[in-house]
Amino acid sequence: MSKRVPASMRTRQSLSDVIEGRLSSPAGREELVKLATRLIIEETLEAEARDAVGRDYYEHGAEPGSGYRNGYRPGRLKTAEGAMDYSAPQVAGKPEPYRSAIREHLKGQTQALEDLAIELLARGLSVRDIEDAFRDESGRLLLSRTAVSEIGARLWADYQDFASRDLSEYDITYLFVDGIAERLRPGQRREPVLAAWGHTSSGAKVLLHLMAGSKEDAETVTAFFQDMRARGLGDPLLVVSDGAPGIVKALETCFPRSERQRCLAHRTRNLAVKVPEDRWPEFKARATACYQAPVP
């Protein structure tokens, strides 16, 4: 019989599989955000259950009336990325029925949790971030400070593993680089996040690097590329980006042997604002055909 593991451990593995290209998903960003959100939720629910029974997942020796874990119950949240399933631990054997305050708290908090998930991926979470996300309307913290500290340590270790991992094992053929605006903290303005995805010679799609706070100037983007180079990233055959001068200059500096191509999606958006609306469908079809035409 296989050893039972916490639901958060399975979600952590699924998130790693998407990042490393072992689990293919056409909606890369959406799948990453959903899995990172699910990881945060399951980590906090499991910590709440630990607080309730007074011991960790694998620990024995329950005091009479302290309760015990009784499996998981499925939960579902509606998010901007679609419905997201998660597993909520159940507790039995207590004098009063166990009710999760965090499950109640999750209702109406999906956007804040997704923002937290993006921050986790882009620059890691602090203990303060977790405390702020899991307070009720009166400001009461829904977890013990010990639990918050333990969650923070695990999630920070996850981020450090991602941000410092060796990239030399990936045979990257195509490198895609783009800056996207993301809200990293609930209620605050969106911030630029620079993202690098690589497609390997075997067809796997790998998330190589994320950097929050990038303004796409040459100095910042060069540092972004040099970080990946220092971790072993080789020269891709082709690098695809938008036409931002800072990115173009950094690419010429850091990947002089790679071909560069303007991103079709960015070029299409640039054309769309210049073509009359009634002519756009035909124009777009012709432009795309030219872009995808085989080289003689």
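**Burial and helix packing**

Tutor: Of the 296 residues in the chain, 43% are buried, where buried means under 20% relative accessible area, exposed over 50% and partly exposed in between (1.4 Å probe, protein chains only). The model is predicted, so local features need pLDDT of at least 70 and side-chain atom pairs count only at pLDDT 80 or more, while totals for chains, interfaces and linings use all residues. Residues are numbered from 1 along each chain as its sequence is written, and side-chain values use heavy atoms, leaving out hydrogens and water.

Student: How many helices and strands are there in the chain?

Tutor: Helices (H or I, at least four residues) and strands (E, at least two) are DSSP runs, numbered from the N terminus. Here the chain has 10 helices and seven strands.

Student: What span does helix H1 reach, and what is expected?

Tutor: The expected span of a helix is 1.5 Å times one less than its number of residues. H1 covers residues 7-19, 13 residues, and its first and last C-alpha atoms lie 19 Å apart, close to the expected 18 Å. Just after H1, Gly 21 adopts a positive phi of about 85 degrees.

Student: Which residues of H1 are buried, and what covers them?

Tutor: The buried residues are Ala 7, Ser 8, Thr 11, Leu 15, Asp 17, Val 18 and Ile 19. Cover is judged by contact, meaning heavy atoms within 4.5 Å. The elements that cover these residues include helix H2 (28-53), strand E1 (68-79) and helix H6 (145-164).

Student: At what angle do H1 and H2 pack?

Tutor: Axes are lines fitted to C-alpha atoms, for helices over the stretch in contact, and angles run from 0 to 180 degrees between N-to-C directions. H1 and H2 pack at about 160 degrees, with axes 9 Å apart.

Student: Is Glu 43 buried or exposed?

Tutor: Glu 43, in helix H2, counts as buried because its relative accessibility is 2%. Apart from neighbours within four places in sequence, Glu 43 is in contact with Ser 8, Arg 12, Ile 151 and Arg 154.
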